[in-house]
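Let's take a friendly walk through this fold, strand by strand and ring by ring. Keep the viewer open and follow along.

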Amino acid sequence: MDPMSADLSYRPGDDGFLEGKMLIAMPAIGDSRFERTVIYMCVHNPDGAMGIVVNKPAENITFPDLLDRLSIHAPDIHAPNHIACPVLAGGPVEMGRGFVLHTQDYFSEDSTLPVDENVGLTASVDILRAMATGCGPSRALLALGYAGWAPGQLDAEIQANGWLHCEPDPDLLFGLNLDAKYHEALAKLGVNISLLSGEAGHA
């Protein structure tokens with residue numbers, strides 16, 4: 001599915017859909033690609049689901065590196081009005097494609113998918129140009145690739161105890177301490193990681 005052409009009539013939380021929520025991988029997920037991942041859900045409807053992994057760094061690339069590869073000039077990437085933007089491994093689908101998850105103080109009519117009232121997803125290079133000049137969103141992360149599910153697939157994985165879910169918060173979503181996010185997400189549910197096993201049920 002193309003996440004940028006998703007049916008926007010489905011809003012977060014409607015009919016049990018998980019748009020705007022955080023997925024937390026359980027040991028029962030049984031897929032090393034998603035081990036201990038936290039995923040922000042951008043699309044979840046009868047046609048499938050799409051999310052961005054928010055706690056796994058991309059290897060061997062930084063935001064300034066990426067701007068340089070795209071020939072985007074950043075006057076001073078270390079200036080105070082430039083945000084810290086991690087580059088993440090967003091998932092195993094289309095790993096060569098970039099997605100910016102960001103606060104909604106940046107919005108493009110042509111290319112931003114509004115996930116909820118606070119968060120948008122933009123996949124055009126225009127947002128990178130805006131960020132390079134200090135005119136982008138106040139908080140953002142850039143992900144290479146995304147996680148995608150066929151119709152009904154995510155629901156089946158949840159039923160099989162593969163995922164828990166929780167409400168997002170700005171630090172869980174955009175925080176720079178990637179290693180802490182998995183534990184922080186579980187803590188929001190009152191779950192102790194040391195008590196989890198492959199047979200763990202839902203909290």
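## Strands around β7

Two strands count as paired if DSSP finds at least two bridges between them. In this predicted model, strand β5 (residues 93-103) and β7 meet that test with four bridges, running in the antiparallel sense. Strand β6 (residues 112-114) also pairs with β7 in the antiparallel sense, over three bridges. The link from β6 to β7 is a hairpin through four residues.

## The enclosed strand β3

How many of the six residues of strand β3 (residues 48-53) are buried? Six of the six are, so β3 is largely enclosed by the rest of the structure. The burial holds for both faces, with Gly48, Met50 and Ile52 on one side and Ala49, Gly51 and Val53 on the other.

Now look at the partners of β3. Strand β2 (residues 38-45) pairs with β3 in the antiparallel sense over six bridges, and a hairpin of two residues joins β2 to β3. Strand β8 (residues 140-149) pairs with β3 too, again in the antiparallel sense, over three bridges. Gly51 shows both pairings: Met41 stands opposite Gly51, and Gly51 stands opposite Ala147 in β8.

## An aromatic cluster

The structure holds four aromatic pairs. One of them is formed by Phe34 and Trp149, which are stacked, at 6.4 Å centre to centre and with 20° between the planes. Phe34 sits in the loop between β1 (22-25) and β2 while Trp149 belongs to strand β8, so this pair ties together parts that are 115 residues apart in sequence. Both Phe34 and Trp149 are buried.

Phe34 has another ring partner, Trp163, and here the geometry is edge-to-face: 5.8 Å centre to centre, with 70° between the planes. Trp163 lies in strand β9 (residues 163-166) and Phe34 in the loop between β1 and β2, so the pair ties together parts that are 129 residues apart in sequence. Phe34 has a relative accessible area of 7%, so Phe34 counts as buried; Trp163 is buried as well, at 1%. Phe34, Trp149 and Trp163 form one aromatic cluster.

## Helix α5 and its neighbours

Which residues of helix α5 (residues 178-188) are buried? They are Leu178, Ala180, Lys181, Tyr182, Ala185 and Leu186. After α5 comes Gly190, whose phi is positive, near 75°.

## A buried glutamate and an exposed serine

Is Glu19 buried or exposed? Its relative accessibility is 3%, and because buried means under 20%, Glu19 counts as buried. Glu19 is found in the segment before β1. The side chain of Glu19 reaches the backbone nitrogen of His44 at 3.2 Å.

Ser71 has a relative accessibility of 68%, and because exposed means over 50%, Ser71 counts as exposed. From C-alpha to C-alpha, Ser71 and Arg129 are 9.8 Å apart in space, though 58 residues apart in sequence.

Two cysteines are worth a look in the viewer. Cys135 is exposed, with a relative accessible area of 56%, whereas Cys166 is buried, with a relative accessible area of 4%.

Terms used
Residues numbered from 1 in each chain as written. Predicted model: local features only at pLDDT ≥ 70, side-chain atom pairs only at ≥ 80, totals over all residues. Heavy atoms only, no water. Buried < 20%, exposed > 50% of the residue type's maximum accessible area, 1.4 Å probe, protein only. Phe/Tyr/Trp six-rings, centres within 6.5 Å; stacked < 30°, edge-to-face > 60°. Polar contact = N/O pair within 3.5 Å; in protein donor to acceptor, adjacent residues only side chain to side chain.
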